[in-house]
Structures are given as structure tokens and as C-alpha cells.
Amino acid sequence: MGAAAGRDGVLELSAECRRVLVDEFLPHSSGAGGLLIEWLSRGGAGGATLAFLLAREEQRRGAAVVVIDRHREFYPPAAAALGLDLAELIVVCPGSQNDALWAWEQSLRSRGATVVGPLEQVPVHALRRLKLAAEHGGGLALLLRPSRLQATASWADLRLAATPTASPDRVGLCRRVRVEALYVRGGFDRRSLVVDITDETASLSLVSELADRASADVATRAS
Amino acid sequence: MVAACCRAARRAGVRAGIPLAEAKALCGVGTDEAALPRFLPEDPPADRKALQRLAWDCATFSPLVGIEDQERPSSLLLDISGCGACFGGEPRLARQLQESLQTRRYYVRIGISDTMGTAWAVAHFQKRSQTIRIVPAGEQEQVLRPLPIEALRLSPPAVEKLHHLDIRQITQLLALPRRSLPSRFGEELLLRLDQALGEVPETIVAERRPVPIREVWESDCPLQEAAALDVVAALLVERALEKLQQRGEGLLELHMLLQGDGESAHRPLSLLRPTSDGRHVMGLLRLWWERFPLPRDITRVEIEVVEAATLPAAQQQLWPDDDDCGPETHGLIEKLSSRLGRRAVLRPQICAEQQPELAFGYESCIESARSAKPSESEPSAYRFLLSRPLWLKREPAPVQVWCIVPDGPPYRFSRRGEEQTVARCWGPERITTGWWRGTHVRRDYYHVETAAGCRYWLFRDWEQGGWFLHALFD
């Protein structure tokens, strides 16, 4: 299993972040593109952080990362601290919902792009268009949506709910997030996993939920 | 190797020709005290292009402006014969020229003489404190004598040969028998000497601004349908691109103007890279008129090429290269910019600022791609940024906070009528900055985690008073 290592304050990730957060839920599409992934969470839960960690991994593989920021609230220093290369990041600030959907679609149609950003309630057919665009371009769409939209219909391949839980009793900035698959295309299990994101030591670890509460850091931290 | 450096770098000891690693060490890269210097790759074609634009703009001062004939030119040559009278004398002309270029942040040194060689020599080798030097008529030899031999624009091998013989000043050269110079040092030395003294004339090859390309369609029968506009625009674009191709250039920026029925619409179109692909240009133009209202009954369509650049050489391929992702991103940026505007498609940049909302800035992707890329910021610049949120509210929202001690951390806060109990809290992180801007900022930031596990970024504002929510750690 993958775990993270920290260096110079940048949240280092092993190449297995996608495997942990996506491929485990969608085994038949392991490594493939053309996916629409919804992250449903309430504010402050940590879902966006996990989505951007995935985006960073895709950027390392050579994908262009596009952030659709309609409300101009995206904070690039935090993305840089997560390890994204700002020189290769494109931030699009559309002025209206229609322009935002158009920007999503055009960006996903671009070969192999990873597109991430918040998306409020939109008609279902708009999500269908995004799904088709992602399939056409072979990229990854990471939609950050409020948890109140869980009950709405969606064309996403994977719907993940990020729920914060009480952080482990550790010194330092650390947060624990439960990631539950609400919907998996072609699957029926509602599986979940728990991850710890530790800011100060820049590590991401998978928490073992067997018996004991202590989390298991599966891989060692790089020096 | 360092090709050139600014004054601040020279003060630190950097010189042209030293290794880059040594330059970085001298500039203090990697230490916390130094400001981050910028290391840019040398780009001789871009430098020449910039010099060419300056030459075009200097036509205000002389009808004949050229660029020196060197491999890496850095000087402009102006024939100001008779032009001094228009400016109140040559000294005033020189001062106005200097001010005009200094407003563009160029460091300018000017030499004026009857001969090009002497003017070049005094511009390059006079005292640093003297940025304008006018050589009186007939005094070229007197002025040249104390200058080093490099002032004669000799090639490096010729200079090296003279140095080897310990000939370092022009006065030493003038002391040698003239007839012996070609046989000992080649024709170049005597030619340069004669050019500087006015014995051999020199010509300036003028740099002329290219005739702007403007294609116009006008008719008494107005265009009323988008399909008709499409046909006309495609024709004009094709003509413009043909003319550019004849110059070996591609389109970088054009302006399109549509007029009709008392109204007009104007749209600039910018590209990341020069192109001669009419279909691509038309695709971007269509994104504009499909979205924005156009004049009814269009009677005039005008396309003006604002900027062009040399087309890069590319090998033709029979089959597209699936591994090449570069042009796809460029096409995406151009498409997004065409419809949403240049100011909506951005590249973020980190600024050295403590105040969170000022710690970054944006540059349009198209401008960013055209300007030289700066070096990457050192990872240590992000050392304390790990605890920053991905989404920052544009305006901090006031919240009601309860603290156990008056100046202590929050233990409960109310947001949107909902009270939240703080389970864990980190801070304060004090940010005090901005006094030089006139608005002093003094804030104590706290990372706050509620019992439900949600993370908030609150701050107490010591200047305005009160508590504010700046972000959620999503």
C-alpha cells in the first residue's frame, strides 16, 4: 500500500495514491483515463485535499492540470505546498455557470487533462456531457461538490464521500478523513477507507480499521 | 555560463562568463536572507527582436536607424545628421532619446560622433558616470587614443593577438607604422581603425517597421447571417496568413472589427505560438461570435495583424504523434482564452508576502508563455505554507467567537447561526505586515478543528478588532 513521505515541507506522495483512492474502488479501470469522479463533502472535511493529491499524481505523469475556479477562491500557495507545479497549472476563472460548464467540457476534451474544481448543482445532462468529454479526452475529472448533492443523480464513474472524523491523538497538525464509495460504476459494494493527512510531517497514511484504533503507517517515511 | 547580469548581480560579484553555479552562490541562492534572484535562459533571437522593436520606435529621433552588425547585437545606430535642430541641439536629442528608453527600463549609454566607429567606442567605453558623450567634429583621434583596443570593434582573436604583444590601448596602435598593420594583424585592424577615424565610410542598414497587414471587406449588401460572416472572415484570414507566410512569419495576435448599422464589435485574438493554420484561427474566432452579440447588418469586416513571429521549423509527419501532449495544452489555452478572455485563463505565481491574500498573483497564460520563464522557486519557499487552505474566501467573514481567556484561543464559535465547539486548536500564527502600504495588518491565525472533525482557519484581527473566518480546510 502506498504512503507518503515528506521533504522540504511538500506533501510527497508515492505513486500509489491513485491506486489507494481510485483503483481500489474501480479495479477494472486501473490506470485508465476517461473517468468522472465526484468528491462529495461538507466544507472543511478534506475532500478537496485528497482530490488535489490525485491531480498532482496525474501531473507527474505528464497530464495537464486545469483548475476551474468560478468564484476565484482557489489558493495557489496551498496547491504548491501539496506539490503541484504551478508553472504547469492552468487556472480558469469563468464568469458564469454556463462558461464554467463549457470550460469543464473543453478542458476534459483536451487529451489526457486532469480537471479539478468545485461544481454546484447542475442539470444531469450537463454531467453526461462532462462524462463524454472525459471519455473523449481520456483524462480525469475531479468534481468537488457539496455533500447535500449526494441524493441527486449523477453520471460519475465513482462517487466518493469524504467525511472528517476525529483526528488521532497526535502532536501536530493531523486530520483523519473517511472516504466512502457511494457509487461505483459496475460495482455494488459500498467500501470505505480511512486516511490520515499529517501536515507537519508531510505524510499520508492508510489507517487500519482492524480491532485496535492505532493507525498503521504501512510504508516508511523517506528521509 | 552567465551571458549578462543586472547591476544588483554585478554588485554581488557576478560577471559575464562565470559558471551559473558560481553566480548562484554569489547571489546567495538557498539562504533565507537573500531575495530570490531570477535566472533566465539566454534567448538571442528574442533579444534581437526586442532590439528591432526599439529601432522602430527610435524612428522618432532619426529617419535612419539600424542595428549593429554583430552576432549578438546590443547597440542601435542612428544617423542624426541634421536632426539635432529639430530637438534644440544634439545634447537635447540625446537626453530625450535616453529618457525615452529609460522609461522602458533600459540602461542606455549614448555616443555621438562624426563616425560610427568613434560613436560606438565612446558609448561602450566611456566612464560609467557619463552616459552621454558627444565628440566634437574632427576630434575622433584625440578621443580614441586613451581607449582600449576593444573599442575598435575587433574580433576576439585579433584582440587576443594584440594583448599577446602587450598592445592594449589605441594610442599604442597609432604609434605603429600604418603599412605594417595589415601584414602583421590582417586587414580587419586597419579597416576598423580607418572606419573609426573616418577614412573609410560605413553605412547603416535601416530597420524598417513592416507594413501592417490589414484585410478589409466592405459592401453595401450587409451580412445578416453567421454563415456569411464565416465565409468572409475565412477569406480575410487566409489572405492575411498568406502575406505572413511570405515573410516567413505566423500569426500571434490579430484584431477583428465588425461594423454595421451604427454599431461595432471589436475582438482581439491572442495565440500562444505563431500559426499559419487558418482553420485553427477561424475556430477561435467562431468561439467569439457564437457567444457575444454582433452588430446586425454587418457592412464592414476588418482584420488587422497586430503581432507576428517567425514560424518555428517543424518536420512534417505522416501520422500524428500520440505521445506529444504539448500542442494540445496550447490549443486548450487558446480556445479558453478566445471565449472567456485572456484574463480568465491564468497561471498562478507565488509572491513573497506574509499576508495570505497577497501571497500569490496571476498572469495570463498567453502572456506567461510569451515572456521568458523564471526559474523555479526553491522548495523552502513553501516550508511554512503547508498549513494553508486550498480555497480562501475573497472576503473574510466575521464570526462570533468565545474564548476562555480574553486574548486566548477560541473554544467555541458561531457560523451561520450554528455553534461549533472546538475540539482541537493550533496557533496562534501571528502575521504582522503591510505597514509600508498604509494598511497595517496584525492578525493571529488559528487552525481550529471541531468535534465533527471539520477544519477552519480563523483569525483575530488586532487592527479592526473581532474574529473572522478566512477559509475552510477542504
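These are my notebook entries on a few features that I looked up in a predicted model.

**Ground rules.** I number residues from 1 along each chain as its sequence is written, and I letter chains from A and number ligands from 1 in the order in which they are written. Because the model is predicted, local features need pLDDT of at least 70 and side-chain atom pairs count only at pLDDT 80 or more, while totals for chains, interfaces and linings use all residues; side-chain values use heavy atoms, with hydrogens and water left out.

**Chain B as a whole.** I looked up the secondary structure of chain B and found 15 helices and 16 strands, where helices (H or I, at least four residues) and strands (E, at least two) are DSSP runs numbered from the N terminus. Chain B is more spread out than a compact globule, because its radius of gyration is 31 Å, well over the 23 Å that the globule rule gives for 474 residues; the radius is taken over C-alpha atoms, and the rule is 2.2 Å times the number of residues to the power 0.38. Along its principal axes, the C-alpha trace of chain B spans about 100 × 70 × 55 Å. I also noted that 41% of the 474 residues in chain B are buried, with buried meaning under 20% relative accessible area, exposed over 50%, and partly exposed in between (1.4 Å probe, protein chains only).

**The cis peptide bond.** Which kind of peptide bond joins Gly427(B) and Pro428(B)? I found a cis bond there, with omega about 5°. Pro428(B) lies in strand E13 (residues 418-433) of chain B, and it counts as partly exposed because its relative accessibility is 49%. Beyond its neighbours within four places in sequence, Pro428(B) is in contact (heavy atoms within 4.5 Å) with Asp444(B), Tyr445(B) and Tyr446(B). Pro428(B) and Tyr446(B) are 18 residues apart in sequence, yet 5.2 Å apart in space from C-alpha to C-alpha.

**Cysteines.** I took a disulfide to be a pair of cysteine sulfur atoms within 2.5 Å, and by this rule the count over all chains is zero. Cys425(B) is partly exposed at 31% relative accessibility, whereas Cys454(B) is buried at 1%.

**Positive phi.** Arg416(B), a residue other than glycine, has a positive phi near 55°. Arg416(B) sits in the loop between strand E12 (410-415) and E13 of chain B, and its relative accessible area of 72% makes it exposed.
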